[in-house]
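I am opening a new notebook page for this structure.

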Protein chains: 2
Amino acid sequence: MDTPTVNGERLWRSLMDLARIGATPKGGVRRLTLTETDRDGRDLFARWAREAGMAVSVDAIGNMYARRAGTDPAAAPVAIGSHLDSQPSGGKFDGAYGVMAGLEAVRTLNDGGIVTRAPIDVIAWTNEEGSRFVPTMMGSGVFAGVHSLEHALEQTDVDGVSVRTALDAIGYAGTAQPKALGAYFEAHIEQGPVLEQTRTTIGVVLGALGQRWFDLTLSGQDAHAGPTPMDIRKDALLAASHVVLEVNRIATTFPDYARGTVGQMLVRPNSRNVVPGEVRMTIDLRSAKNDTLAAMVAALKAALAAIENDCRVSAELNEVVTFPPSEFAPALVDSVREAAASLGYSHRDIVSGAAHDAVYVSRVAPAAMVFVPCEGGISHNEIENAAPDDVTAGANVLLRAVLAQAQADVSAPRKNKARAACCGRTDE
Amino acid sequence: MDTPTVNGERLWRSLMDLARIGATPKGGVRRLTLTETDRDGRDLFARWAREAGMAVSVDAIGNMYARRAGTDPAAAPVAIGSHLDSQPSGGKFDGAYGVMAGLEAVRTLNDGGIVTRAPIDVIAWTNEEGSRFVPTMMGSGVFAGVHSLEHALEQTDVDGVSVRTALDAIGYAGTAQPKALGAYFEAHIEQGPVLEQTRTTIGVVLGALGQRWFDLTLSGQDAHAGPTPMDIRKDALLAASHVVLEVNRIATTFPDYARGTVGQMLVRPNSRNVVPGEVRMTIDLRSAKNDTLAAMVAALKAALAAIENDCRVSAELNEVVTFPPSEFAPALVDSVREAAASLGYSHRDIVSGAAHDAVYVSRVAPAAMVFVPCEGGISHNEIENAAPDDVTAGANVLLRAVLAQAQADVSAPRKNKARAACCGRTDE
């Protein structure tokens, strides 16, 4: 049986229709989790899912599961998911694309009258962004047992509203008991520049980088820039500059997609003619391998000790976030790569620099991701954009990989193809 | 004739009495120029000067000249000066010491009944600090012709009050026509750490460093710290860190008291997991020689060009302050050194990293300075402090150097020694 290809126009139209909910004047989306805007987005997804013949259930943290039944009642669901919530000034694709691509895959199966052995779940995870309630990836985190349900429900926003209260208010506190997944796929815009710059359509995501985040305070001594000779200064900014160079050196010399960033720096007293006595800065180290990440941290600490001595400053380093690297399930990654190849799309292996719901899900189920390029690598911004052809290509790869897991059941009676016709053209 | 030594107790008591005017709770002084507090300080100085037998006159920018007459009507005055205004949170010694040391020198001459051929002026310059009205060193700048009187009088504070209005309000807009000076001496706390750290009592000031101040903006590109590989980043903070190291390298390898400081740095967007796309920073280069300073600037520009290329950023460098180096009059510098040596004080040649009134005066008259140590090198701060013995030593050096220029006239009848007795013990 040939795998059908998705209806790209219908997918794009769904994305644009969904983006009207919470649309911002600059063309972005503001759909903060568990707000009325989020509810409207969830309601639209639920309506579309039901129109596609799916049964929608909601669990206690508000994760939505739209199920297309399979022929084998014992088979674990093959899931496709992502999130519908956005950053405060977010774009139309981050998260929404993964859910709509899942919906389009089901619509395409409907169009082709294809039934599968395993059920197919399209999942919208609650609060991936973490903008209103921390932690990020809350829904998938509860699903994967990373956070307890109680802990998640107790979190509050800046106005003191809890997740529990917000879920009740929008009517999305459900009672479904989520099932163990047989496989999980997530399509997402890359949120980085690699695919665009290498003119590649599909990113075959091997896993996500582990992250170790630090706060560093360097203490020297304020001194007047004029009267203080160079050799007796305790210049915290000179020390901080050495740290920036060392972080860069570490990230460019270690293997396994090593990255290192100093994103934040505060200089005190920050006066033109005063040698800075204190600098507070952040350090973000990432790598795809735990051992490499540990070696990078050790190299950072060794460099810091030398800098303390050479620059006559004292350093206080505190680790504030530790997030281990994730490796996606090799069989599913292979299946994504094969799907891209068989469809004739340019593709390359890539790692996700950021975390996604798939990272948490991968702790309890085989998981993989499909990346598509986004314009300028820009995300978490109202100008976030992606090309319709790339969006279509990613959904085609997703569909093919999902079908490989859910197994088209050619012995089963073909379903009524007209089911989803109201929402798009059929191929008949 | 032996040169007398000053009355250290009297000098210290005058400093402490003056410091009561504008005293802050933390032991400092807030005596902003041309305020009522400044007027009170000026009034006290004028009263003390008259009690010491001096004639007080005021010029159009408010500079005060307290004159002790000499025996030769044709001789140009030998002046001792500094300023009575303070920083908003200033100390008891910055400026005040120079004026009180001058007053103490005259009191000591009175005690000894010593008359001089040249008159001796003790000068309090208006608005050295520049905290309320810019530019700094306003009074000595007008005296030296660096600024026009009109320009200075038109400057306004943050409330829109002009220098002219403020001078009138406190009654210190005078009409005296300042005379050309035969020599000018200024005693000052070092405002730096060299004397204290080298356990030296007297700094023989060779001149003041030239200064060239720059604003630098480095523009790269914001990028997410996770998804962006190291080799395609345009990290403005990495570039800025290279600049800091280059400024340090230049300042530590060039001669003539070269100094280089990056005191201010602002990182954008300054977010932990975003590669910074822009950094704004300041660069302060100093040296005692103009040619060296020019070579330092050339080295900076060459380094910047390389950094732009290596880090894929663009740099915009703007010079915002240019202040040429000053060399004090060699004969007066020698006389300060000889005075320190003959008095048995430890001494060393030193350059002033900051500008002082003497720097402007040196453009129109032979000038020199005497530095004494201050605790921790700290100034422009309420905790500014100096040791009484050092304060006394500086005044003794000043007196000896002044007498060498003003020439004690042993043929003249000795003056009445009791004149200043009301203000301190006499040595009789």
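This is a predicted model: local features need pLDDT of at least 70, side-chain atom pairs count only at pLDDT 80 or more; totals for chains, interfaces and linings use all residues.

**Entry 1: domains.** The domain assignment gives domain 1 of chain A as 8-208 + 326-423 and domain 2 as 210-323. I looked up the spacing next. The C-alpha centres of domain 1 and domain 2 of chain A lie 38 Å apart. I then checked where they touch. Four residues of domain 1 of chain A are in contact with five residues of domain 2 of chain A. On the domain 1 side, I found two nonpolar residues, two polar and no charged.

**Entry 2: the two chains.** How many residues of chain A are in contact with chain B? I found 45 residues of chain A in contact with 45 residues of chain B. I listed the elements of chain A that give two or more residues to this side: α7 (194-197), β8 (223-224), α8 (236-253), β9 (259-261), β10 (265-268), β11 (274-275) and β12 (278-287). Which of them gives the most? I noted α8(A), with eight residues. By class, the side of chain A that touches chain B has 22 nonpolar, 18 polar and five charged residues.

**Entry 3: symmetry.** I asked how the copies are related. Two copies of a chain are related by a rotation about an axis and a shift along it. Here a rotation of 180° with 0.0 Å of shift along its axis superposes chain A on chain B, with an RMSD of 0.1 Å. That is the relation of a two-fold axis. I looked for the residue of chain A that comes closest to the rotation axis. A:S241 does, at 2.2 Å (C-alpha). I also compared the two sides of the interface. 100% of the interface residues of chain A are also interface residues in chain B, so the copies meet through the same surface.

**Entry 4: a helix pair in chain B.** I turned to α8 (residues 236-253) and α9 (residues 290-311) of chain B. Their axes come within 10 Å and cross at roughly 155°. An angle over 145 degrees counts as roughly antiparallel, so α8(B) and α9(B) are roughly antiparallel to each other. The crossing of α8(B) and α9(B) is right-handed. α8(B) makes the contact with residues including B:L238, B:H242 and B:E246, and α9(B) with residues including B:M296, B:L300 and B:I307. I sorted the contact residues of this pair: twelve nonpolar, one polar and one charged.

**Entry 5: a helix pair in chain A.** I looked up α10 (residues 330-342) and α12 (residues 388-406) of chain A. Their axes come within 8 Å and cross at roughly 130°. That makes α10(A) oblique to α12(A). The crossing of α10(A) and α12(A) is right-handed. Among the contact residues are A:L332, A:V336 and A:A340 of α10(A), with A:V397 and A:R400 of α12(A). The contact of α10(A) with α12(A) divides into seven nonpolar residues, two polar and one charged.

Entry 6: Most residues other than glycine have a negative phi, and most peptide bonds are trans. I searched for exceptions. A cis peptide bond joins A:R268 and A:P269, with omega about 0°. I located A:P269 in the loop between β10 and β11 of chain A. In chain B, a cis peptide bond joins B:V134 and B:P135, again with omega about 0°. B:P135 is in the loop between β4 (120-125) and α4 (138-143) of chain B. Then I noted A:N127, which is not a glycine but has a positive phi of about 50°. A:N127 is in the loop between β4 (120-125) and α4 (138-143) of chain A.

Conventions. Residues are numbered from 1 along each chain as its sequence is written. Chains are lettered from A and ligands numbered from 1 in the order in which they are written. Domain bounds come from an automatic or database domain assignment. Two residues are in contact if their C-beta atoms, placed from the backbone, lie within 7 Å. Ala, Val, Leu, Ile, Met, Phe, Trp, Tyr, Cys and Pro count as nonpolar, Asp, Glu, Lys and Arg as charged, and the others, Gly among them, as polar. Axes are lines fitted to C-alpha atoms, for helices over the stretch in contact, and angles run from 0 to 180 degrees between N-to-C directions. Helices (H or I, at least four residues) and strands (E, at least two) are DSSP runs, numbered from the N terminus. Angles under 35 degrees count as roughly parallel, over 145 as roughly antiparallel, 65 to 115 as roughly perpendicular and the rest as oblique. A crossing is left-handed if the near helix is turned anticlockwise from the far one by less than a right angle, and right-handed if clockwise. Copies are superposed by least squares on the C-alpha atoms of residues with pLDDT of at least 70 in both.
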